[in-house]
Amino acid sequence: MTVYIDPPVWPGHGRLWSHLVSDVSFEELHAFAASIGCPPRAFERDHYDVPESRYEDAVRAGAQRIGSKELVRRITEAGLRRPKGRPAPVPAADAPSAAPIPGS
């Protein structure tokens, strides 16, 4: 299991935040987040927002410290990046099949 966390430098709601991600699967990410007490509402598209006060808890539980640019690169390469304004990709098994071409 490899879960990554970037430094708590992202301001919001009067605090600083980190991003917690997995480069393996969302299932792995959700399980790790639950194990450290992250509420489901902290999940946003492809990461959990972790307040600065919980950063060290995540690291002690096994999250690997990583820079923000490297974090984005890893989840992008893993196909887990979900930028704002783009829908989540549809897995091939769930994708609608193409309609048959008339006369073929």
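What volume does the largest pocket have? The largest pocket has a volume of about 160 Å³. Pockets were located on a 1 Å grid over the protein atoms alone, as open sets of points with protein on both sides within 12 Å along at least five of seven lines. A cavity, by contrast, is a set of points where a 1.4 Å probe fits but cannot get out. Grid points are joined across faces, edges and corners, and a volume is the space filled by probe spheres set on the points.

The model is predicted, with local features needing pLDDT of at least 70 and side-chain atom pairs counted only at pLDDT 80 or more, while totals for chains, interfaces and linings use all residues. Residues are numbered from 1 along each chain as its sequence is written, and side-chain values use heavy atoms, with hydrogens and water left out.

The protein chain holds 3 helices and 6 strands. Helices (H or I, at least four residues) and strands (E, at least two) are DSSP runs, numbered from the N terminus. Along the sequence the pattern is β-β-β-α-β-β-α-β-α. Of the 104 residues, 34% are buried. Buried means under 20% relative accessible area, exposed means over 50%, and partly exposed lies in between (1.4 Å probe, protein chains only). Contact means heavy atoms within 4.5 Å. Among contacts between residues at least 6 apart in sequence, 58% join residues at least 24 apart.

The pocket lining comprises 15 residues. A lining residue has an atom within 4 Å of a point. His19, His47, Leu71, Val72 and Arg81 lie nearest the pocket centre. Strand S3 (15-22) and helix H3 (68-77) each supply at least two lining residues. H3 gives the most, with 5 residues. By class, the lining divides into 6 nonpolar, 3 polar and 6 charged residues. Here Ala, Val, Leu, Ile, Met, Phe, Trp, Tyr, Cys and Pro count as nonpolar; Asp, Glu, Lys and Arg count as charged; the others, Gly among them, count as polar.

Strand S3 is mostly covered, with 6 of its 8 residues buried. Two strands pair if DSSP finds at least two bridges between them. S3 pairs with S1 in the antiparallel sense through 3 bridges. In that pairing, tyrosine 4 stands opposite valine 21 of S3. S2 and S3 are also antiparallel, over 3 bridges, and glycine 12 has arginine 15 in S3 as its bridge partner. S3 and S5 run antiparallel too, joined by 4 bridges. Serine 18 is bridged to valine 50 in S5, and leucine 20 stands opposite tyrosine 48 in S5.

Strand S5 (residues 47-51) is mostly covered, with 5 of its 5 residues buried. His47, Asp49 and Pro51 point one way from S5, whereas Tyr48 and Val50 point the other way. S5 also pairs with strand S4 (residues 43-44), antiparallel over 2 bridges. Phenylalanine 43 has tyrosine 48 in S5 as its bridge partner.

Two hairpins contain residues with positive phi. Most residues other than glycine have a negative phi. The hairpin of S2 and S3 has 2 residues between the strands. There, histidine 13 takes a positive phi of about 55 degrees although it is not a glycine. Histidine 13 is exposed, with a relative accessible area of 80%. The hairpin of S4 and S5 likewise has 2 residues between its strands. Arginine 45, also not a glycine, has a positive phi of about 60 degrees. Arginine 45 is partly exposed, at 26% relative accessible area.

The largest nonpolar core has 22 residues, of which Ile5, Leu20 and Tyr48 touch the most other members. Strand S1 (3-5), S3, helix H1 (26-35), S5, helix H2 (55-60) and H3 each give two or more residues to this core. The largest share, 4 residues, comes from H1. A nonpolar core is a set of buried Ala, Val, Leu, Ile, Met, Phe, Trp, Tyr and Cys residues joined through side-chain atoms within 4.5 Å. Leaving aside neighbours within four places in sequence, the contacts of leucine 20 include Val3, Ile5, Leu29, Phe32, Tyr48 and Val50.

Histidine 30 lies in helix H1. Histidine 30 is partly exposed, with a relative accessible area of 31%. Beyond four places in sequence, histidine 30 is in contact with Phe43 and Tyr48. The C-alpha atoms of histidine 30 and proline 40, 10 residues apart along the chain, are separated by 8.2 Å.
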